[in-house]
Amino acid sequence: MAAFVHPDRHHVAVLVRHGMLVMELGIVHRLFGQARSASGEPLYEVVTCALEPGPIRTDADLTIPVDHGPEAIAKADTVIVPASSAEYEPMARVLTPPLKAALELIPAGARIASICTGAFVLAAAGLLDGRPATTHWRSAEELQERFPEVDVDPCVLYTDDGTVLTSAGVAAGIDLVLHMIRRDHGAAVANEVARGTVVSPHREGGQAQFVRRPVPEPRTSSTKAARAWALENLHRPLTLRELAAREAMSTRTFTRRFREEVGISALQWLTQQRVERARQLLEESDLPVDRVATEAGFGTSASLRQHFQAALGVSPSAYRSTFRGELAAQAG
């Protein structure tokens with residue numbers, strides 16, 4: 001049986017191993033499986049493969065039959081390596097000869113990603129050398145010690161270094177897959193997938209992992225109302241003093257509580273939301289770039305270009321050309 005049967009779709013191969021985490025496999029199939037074109041056609045084809053076809057033990061009380069071997073990797077556009085319980089054993093040897101041989105089948109130019117401690121496999125294969133990477137915060141120190149060539153960031157949800165991506169603990173795999181869908185097909189498609197899965201449509205990769213911190217004193221106040229108000233007023237020049245006033249807090253208290261709740265500063269969060277707003281307008285409207293800059297709250301097209309380039313690595317015009325061209329082709 002052929003691994004992939006739809007040549008017009010983006011092919012995703014999920015390489016699972018004994019001890020696999022069931023939820024991580026479900027994330028990949030569920031999210032990529034919901035991505036649709038404007039005409040309703042599936043945009044991805046996902047195939048699960050193993051080092052040998054057959055039943056694969058999971059971390060739960062069940063096994064999963066896997067029909068495909070590593071040959072599926074050779075035809076994939078994206079290869080994803082979820083975690084296995086084996087990586088949770090200190091100093092476990094993760095790169096066995098069969099696994100090394102399987103990874104060598106990845107086509108040149110294909111995208112490869114890991115979820116949680118699957119990053120140990122990529123690191124052992126040398127795929128993370130000289131690159132930024134992350135993994136579950138509990139395992140980040142070990143990853144850095146064992147693979148000093150890797151630039152490990154234990155605080156982020158995911159990293160994207162072009163064709164190689166990594167994500168933190170299990171749920172961060174959701175953020176990573178949505179990010180890949182957004183990168184491939186734009187915010188509209190990714191947001192629709194998020195809505196169908198009832199998850200947040202966008203958490204930036206730089207948002208902090210939810211590492212345990214001292215529990216703050218109980219309080220009724222938060223920054224939620226200020227954030228909701230800010231999203232409705234992104235076109236305006238917003239200040240910390242103005243946001244703090246929405247919650248009847250001092251600027252200092254608001255700044256501290258905002259970082260506690262969101263994981264980044266209020267100004268970083270505002271910039272992220274404005275970039276997202278600009279992306280939406282560039283994808284879904286014909287507004288000129290200077291008008292997009294105004295509506296997103298950047299004020300000038302020069303400011304928009306600066307922040308857009310820093311966040312996404314492309315200019316607003318190039319971004320629009322890519323995604324408006326794709327949408328037009330799908331509609332046709």
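Glutamate 192 is partly exposed, with 48% relative accessible area, where buried means under 20%, exposed over 50% and partly exposed in between, taken with a 1.4 Å probe on protein chains only. The model is predicted, and local features need pLDDT of at least 70 while side-chain atom pairs count only at pLDDT 80 or more, whereas totals for chains, interfaces and linings use all residues. Residues are numbered from 1 along each chain as its sequence is written, and side-chain values use heavy atoms, with hydrogens and water left out.

The side chain of glutamate 192 meets that of arginine 195 in a salt bridge, 2.6 Å from N to O, the term standing for a side-chain nitrogen of Lys or Arg within 4 Å of a carboxyl oxygen of Asp or Glu. Both residues lie in helix α6 (residues 187-197), 3 residues apart, about one turn of the helix; helices (H or I, at least four residues) and strands (E, at least two) are DSSP runs numbered from the N terminus. Arginine 195 counts as exposed, because its relative accessibility is 53%.

The structure holds 9 salt bridges, among them one between arginine 146 and glutamate 142, whose closest N and O atoms are 3.1 Å apart. Another salt bridge joins glutamate 242 and arginine 236 at 2.6 Å, N to O; glutamate 242 is partly exposed at 22% relative accessible area, and arginine 236 is partly exposed at 29%.

Turning to the sheet, 6 strands form an open arrangement in the order β2-β1-β5-β6-β10-β9, with mixed pairing, where two strands pair if DSSP finds at least two bridges between them. Its edge strands are β2 (44-50) and β9 (158-160), each of which pairs on one side only. Within the sheet, β5 (residues 78-81) and β6 (residues 111-114) run parallel and are joined by 4 bridges, and threonine 78 has arginine 111 as its bridge partner in β6.

The axes of α7 (residues 224-232) and α10 (residues 266-284) come within 11 Å and cross at roughly 35°, with axes being lines fitted to C-alpha atoms, for helices over the stretch in contact, and angles running from 0 to 180 degrees between N-to-C directions. The contact (heavy atoms within 4.5 Å) is made by Arg227, Ala230 and Leu231 of α7 together with Trp269, Leu270 and Gln273 of α10.
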